[in-house]
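Me: Can you take me through this one? I'd like to start with the charged pairs and then move to the ligand.

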Amino acid sequence: MRATAKAQPNIALIKYWGKRDTPRNLPAVGSVSITLADLTTTTCVDFDDALRGDVLSVNGVDNVEMMPRVARCLDTVAGNERAYARIRSDSNFPIAAGLASSASAFAALVVAADAALGHNHDTLYLAQLAGRASGSAARSLYGGYVELSNAGDDVALTQLCRPEDWPLRVVVAITASGPKAVGSTEAMEISLKTSPFFGRWVEQQDADLADVRAAVANKDFAQLASIAEHNCLKMHSVMWGSRPPMVYWNSATLACMQTIRDLQSRGLAVFFTIDAGPQLKAVCEPDHEAEVRAALSATPGVEEILCSGLGHGATQLDHD
Ligand code: PMV
């Protein structure tokens with residue numbers, strides 16, 4: 001009972017920040033993301049009656065830290081009576097550094113586990129299960145421009161636009177590659193309980209979602225850039241206003257923001273977004289990618305640059 005699946009991280013343009021139901025990991029707000037093509041996580045799940053416990057290896061190294069979350073996720077797919085599993089997960093990019101590696105990891109995990117069991121559940125159901133483990137992982141089941149909305153007592157997902165229909169590029173500036181100081185679940189809880197801006201953040205999200213939906217429908221880059229940067233900075237304002245404050249940026253993150261402002265003032269079609277980590281993600285039109293890449297590479301404090309196009313949702317690779 002073994003299968004392998006591949007998934008890509010996604011980058012939110014309208015952010016998910018805050019939970020309405022912590023035990024079920026349901027978001028307080030809807031979100032919109034783009035799924036990447038070139039950063040991948042490949043996960044093999046092998047259910048084996050001979051095992052006496054689950055075994056996880058991440059990038060070739062045994063990992064006990066992530067095991068409880070991974071085991072809980074497998075329970076949601078296979079049930080509590082399941083056989084133990086050997087799980088092997090490999091990513092071609094830095095993990096646990098605000099690059100959404102948990103999104104691609106849990107998306108690949110549910111698809112591989114479901115295929116290993118021969119269940120063949122539909123994409124929405126698997127996305128809902130991935131979302132239980134990591135809210136943003138639900139979006140990596142789908143490709144291109146993806147909206148996640150709250151629907152009844154669960155979430156619903158819609159592909160707003162296929163990747164090939166608006167093939168923007170993403171340039172990621174890595175400014176620090178260690179794991180983040182505060183994980184997103186804990187940080188969201190602190191924001192909800194202490195940030196004076198949290199209520200307004202939630203209230204305004206529907207308007208931002210409507211604006212981004214229109215921008216994607218019209219392929220209006222300027223409108224997408226303006227709403228995505230605004231939404232990102234609002235999310236970080238919620239974090240900064242929390243007690244204790246959560247500041248994920250470093251000086252290189254700010255230097256990268258300045259680089260993007262300089263490029264914009266020269267007329268380039270580019271904007272930035274930043275998640276719960278110090279990396280800056282620049283989204284641009286394909287013709288401007290080389291210039292964006294060169295400018296971010298030359299920005300002090302940038303350690304590495306990753307580039308990606310937009311890709312498809314999680315897929316099963318093999319099964320035996
Ligand atoms: O899915 P989580 O728990 O890793 O939270 C993701 C939160 C952000 O990346 C900051 C925003 C988002 O919508 O992806």
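Me: What does R261 form a salt bridge with?
Reply: With E229; the closest N and O atoms are 2.8 Å apart. R261 sits in helix 7 (residues 251-265) and E229 in helix 6 (residues 221-240), 32 residues apart. Bear in mind that this is a predicted model.

Me: Is E229 buried or exposed?
Reply: E229 is buried, because its relative accessible area is 9% and the cut-off for buried is under 20%. R261 is partly exposed at 34%.

Me: And which side chain does E291 meet in a salt bridge?
Reply: That of R266, at 2.3 Å from N to O. E291 lies in helix 8 (residues 289-297) and R266 in the loop between helix 7 and strand 13 (270-273), so the pair ties together parts 25 residues apart in sequence. R266 is exposed at 54%, while E291 is partly exposed at 35%.

Me: How many salt bridges are there?
Reply: The count comes to 19. Among them is R24 with D153, whose closest N and O atoms are 3.9 Å apart. R24 and D153 also belong to a network of salt bridges with R132 and D154.

Me: What lies 2.9 Å from an oxygen atom of the ligand?
Reply: A polar side-chain atom of S184 does, and so does a backbone N or O atom of Y16. For S134, a polar side-chain atom lies 3.1 Å from a ligand oxygen.

Me: How much of the ligand's accessible area does the protein cover?
Reply: 92% of the 380 Å² that the ligand has on its own.

Technical notes
Residues numbered from 1 in each chain as written. Predicted model: local features only at pLDDT ≥ 70, side-chain atom pairs only at ≥ 80, totals over all residues. Heavy atoms only, no water. Polar contact = N/O pair within 3.5 Å; in protein donor to acceptor, adjacent residues only side chain to side chain. Areas by Shrake-Rupley, 256 points an atom, 1.4 Å probe, with all protein chains shown as cover. Salt bridge = Lys/Arg side-chain N within 4 Å of Asp/Glu carboxyl O. Helix = DSSP H or I, 4+ residues; strand = E, 2+ residues; numbered from the N terminus. Buried < 20%, exposed > 50% of the residue type's maximum accessible area, 1.4 Å probe, protein only.
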